[in-house]
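Let me put the structure up and then walk you through it.

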Amino acid sequence: MSLGREWRVVMALGRRATSVQFRRAQLLMPTFVLPLMLLAVIASGTSAAQGLRGFPDVASYLTFVVPGTIVQGTILAGLTAGIAMASDIEFGFFDRLLAAPVHRTSLVLGRLFGTLTLALLQSSLFLLVALVFGAHYPGGVPGALATVALAGLTAVGTGGISAAIALRTGSLSLLQSLFPFMFVLLFTAPAFFPRELLAPVLEDVSVFNPLTYVVEGVRGLLAGDAELGDPAAGFAAAAGLAVATTALATLAMRERLRRT
Amino acid sequence: MEVRGLVRQFKGGIRAVDGLDLEVREGEIYGFLGPNGAGKTTVVRILTTLLRPTAGQASVAGHDVVRDGDAVRRAIGVALQEAAIDPLMTGRELLRMQGALHGLRAAEAKRRAAELLDRVGLTEAGDRRVGGYSGGMRRRLDLALALVHRPQVLFLDEPTTGLDPTSRVALWREVRALHAEGTTVFLTTQYLEEAEQLAGRVGIIARGSLVAEGTPESLKARVGQPTVHVEVADPEGAERAREALADLGEVEPPNPAAPARVAVRTAAGKAAIAPIIRALDEHEVAVESVEVETPTLDDVFMAVTGSHLEGAAAQETTA
């Protein structure tokens, strides 16, 4: 196996994943529209939460919830990776990939490369839209760029989960039905309220949710204030999630091939 | 390509392939003929490393399909039954991606894509999404995709199923050209004509086993000799014609439903027409028409399986 050759395979599959997902509007639109809709609803409907005791001192509630929108985007981007993979399996395209002399892990990485690209574009757009509507980023351009990078890494992690499910089950309908369950990850993280203001049960659960650290990390990056969230913890959680779920997807691939 | 005692059993104990033995020589077109459900696609999936055998051994281009799958995948090109092509991609994008999957660098993949689009007559459609292609165009693209890395062995799984006659003939032309270039072709088909037109040797599969194998001519010779049917101008001359032709083959008894027809079984087939005409002329029998009926591969299929190829699919699935 040559690394250069496998890299070309990953890039080719990544290019395909990226271009095709922009041609599948019905799948792509929700990943852009839903987070922005939720941002609009939350920012306008629950902004009074900023006055609660224990709420951190932030420029605006909109600024505080932008990290939640970005993490929601990474969840949806990750889910599209699984849906696209299950679709390839169901419609036989995956056989074409399996019949080629490529390392099986490259097939997973190629798909996740597409997810990474999607998340980078998505998070950039979300930051811009929120900026237009009055969000402030004291962390400046470096904070915004690091946020986009953290979002990309997180999407690789969530994409790994859905890719593993797709490889294990090969079921497109199952992946599509996972949409609501992915939101559990979002609402058990301090996406829209600080951890201290979550219900005690949610607060306890949030400790075990890697997205908690990502949300807080993004918050810290955008605010340029590590008091609001530790970026290093965010990157560590996202990297851990990405490595663990990519390994899980690779194992699911091996299991799938063993079963055939 | 060598297959020995190949078995593939699915859940529920269904044996799609049941002790298959076969050998495909380098550079030949091997036609794998059988009805739907006979096990053709399962065999192709095993030989292309997409499915593991339950038992037995198979090697392609000298590499074991289980132990050395990667080497097999480097040597083969595959066009599967349902042309598995992403409808949202263009033909050119697919070819370039396929090139990358086979280790071509970007510039080389781009050049090869253009070359193959031209070869299969899709240059103009190359930048259109495949979702808008006709069935024939998809098959041609599928063939081009299988050729990107100039494979030693090409697997074509029912390449013309569902195609119109023009597209079918165009695809046959391409397969012949590949054969002329030295590519070994393993072709599965349920069409007798396709097997006869393309294959140097044919293997007939029924219920997961090879039931007959040979060149189309040798297989047909097994089930009987060609029959020359002579229509004489005057039914009263039929008996005289039978006497005249007795030395040229096995003359069939008179058929009261067709008194002017005389049938002679002869291994010479078409070559017997001239001697037959001469013999009839010598005996002053006027001839209206002459036809040669040769056994078909369907006759072979009938002889070895007890059913016709077209009717066999239903029996295979209800068995």
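This is a predicted model: local features need pLDDT of at least 70, side-chain atom pairs count only at pLDDT 80 or more; totals for chains, interfaces and linings use all residues.

What about E8(B)? E3(B) runs parallel to that strand too, with five bridges joining them. B:Phe32, for instance, is bridged to B:Thr188 in E8(B).

So how buried or exposed is E3(B)? Five of its five residues are buried, so the strand is largely enclosed by the rest of the structure. In a regular strand, side chains alternate between the two faces of the sheet. Here both faces are covered: B:Ile29, B:Gly31 and B:Leu33 are buried on one side, and B:Tyr30 and B:Phe32 are buried on the other.

Zooming out, the whole thing is an open, mixed sheet of six strands in chain B, ordered E6-E7-E8-E3-E9-E10. Who's at the edges? Strand E6 (76–79) and strand E10 (209–214) of chain B, and since each has a single partner strand, one side of each is left without a neighbour in the sheet. On average, neighbouring strands are turned by 15° against each other, ignoring direction.

Now the helices on that sheet. Helix H1 (residues 40–47) of chain B packs on it and touches E3, E7, E8 and E9 of chain B, with its direction at about 150° to that of E7(B). Then there's helix H6 (residues 165–180) of chain B, lying across E3, E7 and E8 of chain B and running at about 150° to E8(B).

Over to where the chains meet. We've got 20 residues of chain A in contact with 19 residues of chain B. On the chain A side, helix H1 (3–21) and helix H4 (93–98) each supply at least two residues, and the largest share, six residues, comes from H1(A). By class, that side has eleven nonpolar, two polar and seven charged residues.

The average pLDDT is 90, and 97% of the residues score at least 70.

Key. Residues are numbered from 1 along each chain as its sequence is written. Chains are lettered from A and ligands numbered from 1 in the order in which they are written. Two residues are in contact if their C-beta atoms, placed from the backbone, lie within 7 Å. Helices (H or I, at least four residues) and strands (E, at least two) are DSSP runs, numbered from the N terminus. Ala, Val, Leu, Ile, Met, Phe, Trp, Tyr, Cys and Pro count as nonpolar, Asp, Glu, Lys and Arg as charged, and the others, Gly among them, as polar. Two strands pair if DSSP finds at least two bridges between them. Axes are lines fitted to C-alpha atoms, for helices over the stretch in contact, and angles run from 0 to 180 degrees between N-to-C directions. pLDDT is the predictor's confidence in each residue, from 0 to 100. A residue is buried if 20 or more other C-beta atoms lie within 10 Å of its own, exposed if 12 or fewer, and partly exposed in between; C-beta atoms are placed from the backbone.
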